[in-house]
Amino acid sequence: MRVLVVEDDEGIAAGLQAHLRQLGWAVDLSDSVAMAWAALRAEPFDLVLLDLGLRDGDGTTLLGRLRAAPEGLPAPDTPVLIMTARDQVASRIAALDMGADDYVTKPFDPDELAARMRALRRRAAGRAQPVLAFGPLRVDPAARTVLLDGQPVVLSAREFGVLLALAEVRPRVLSRAQIEAKLYNWDQALDSNAVEVHVHHLRRKLGDGVIRTLRGVGYFIPEDSA
Ligand code: CA
């Protein structure tokens with residue numbers, strides 16, 4: 001999952017980035033409405049964590065702009081989770097009514113935040129079940145575990161990220177660029193064949209049938225994956 005953190009408190013932003021990266025997510029930081037808007041127009045994000053008091057304005061300005069955007073980049077239905085102070089009840093209500101999906105009040109527990117983020121991802125994907133089960137595989141996004149025929153499979157963080165990205169949209173095809181965008185931040189160097197290498201390793205560990213190639217387009221997990 002690719003996350004945009006919009007927060008002007010450097011300490012909070014850095015702490016969040018470190019914590020969420022440990023969970024295997026790609027996290028980019030913006031400290032203003034203007035920078036966040038530019039980021040959302042440039043890259044596809046799966047979720048936005050939004051502080052309301054930013055250096056150049058209110059986070060709800062960004063939220064309003066996002067929800068009013070035409071289809072494309074930014075995606076107007078990107079889930080938004082707001083981060084507010086305990087006494088900002090009115091702003092919180094306003095943000096929820098403007099299209100924010102959930103909120104946490106500062107100071108918050110980062111593990112609770114991560115669980116809320118996973119819940120938003122499920123909802124955005126139209127799922128209620130926390131574990132993705134298909135064919136002989138069970139993929140658990142919270143525990144970051146994979147079972148193949150009931151047996152645990154050890155995957156690297158990137159391999160897990162590729163598998164989860166494809167499983168979440170199954171049976172839709174994701175291009176290599178779309179998968180890369182979910183795995184890597186702006187500041188991470190990227191080998192041109194990184195995704196191919198991860199897919200190669202996944203096929204070795206899970207069998208050839210799970211991830212299919214649509215030549216010239218990308219990768220997908222078919223409905224009847226086995
Ligand atoms: Ca702030």
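**View 1. Two domains of a predicted model.** Domain bounds here come from an automatic or database domain assignment. The structure shown is a predicted model. In the protein chain, this assignment places domain 1 at residues 2–124 and domain 2 at residues 132–220. Taken over C-alpha atoms, the centres of domain 1 and domain 2 lie 25 Å apart. Domain 1 brings 18 residues to the contact, and domain 2 brings eleven residues.

**View 2. The area buried between the domains.** The size of an interface is often expressed as the accessible area that is lost when the parts come together. Between domain 1 and domain 2, about 1200 Å² is buried. Carbon and sulfur atoms give 44% of this area.

**View 3. Salt bridges and polar contacts across the interface.** Two salt bridges are found across the interface of domain 1 and domain 2. Six residue pairs are in polar contact between domain 1 and domain 2, with both residues of each pair at pLDDT 80 or more.

**View 4. The side of domain 1 that touches domain 2.** Three elements each supply at least two residues of this side: strand E1 (2–6), strand E2 (26–30) and helix H5 (110–124). The most comes from E2, which gives five residues. Sorted by class, the side of domain 1 that touches domain 2 holds nine nonpolar residues, seven charged residues and two polar residues.

How values were computed
Residues are numbered from 1 along each chain as its sequence is written. This is a predicted model: local features need pLDDT of at least 70, side-chain atom pairs count only at pLDDT 80 or more; totals for chains, interfaces and linings use all residues. Side-chain values use heavy atoms; hydrogens and water are left out. Contact means heavy atoms within 4.5 Å. Buried area is the accessible area (1.4 Å probe) that two parts lose on being put together, summed over both. A salt bridge is a side-chain nitrogen of Lys or Arg within 4 Å of a carboxyl oxygen of Asp or Glu. A polar contact is a pair of N or O atoms within 3.5 Å; within protein, one must be able to donate a hydrogen and the other to accept it, and residues adjacent in sequence count only if both atoms are side-chain atoms. Helices (H or I, at least four residues) and strands (E, at least two) are DSSP runs, numbered from the N terminus. Ala, Val, Leu, Ile, Met, Phe, Trp, Tyr, Cys and Pro count as nonpolar, Asp, Glu, Lys and Arg as charged, and the others, Gly among them, as polar.
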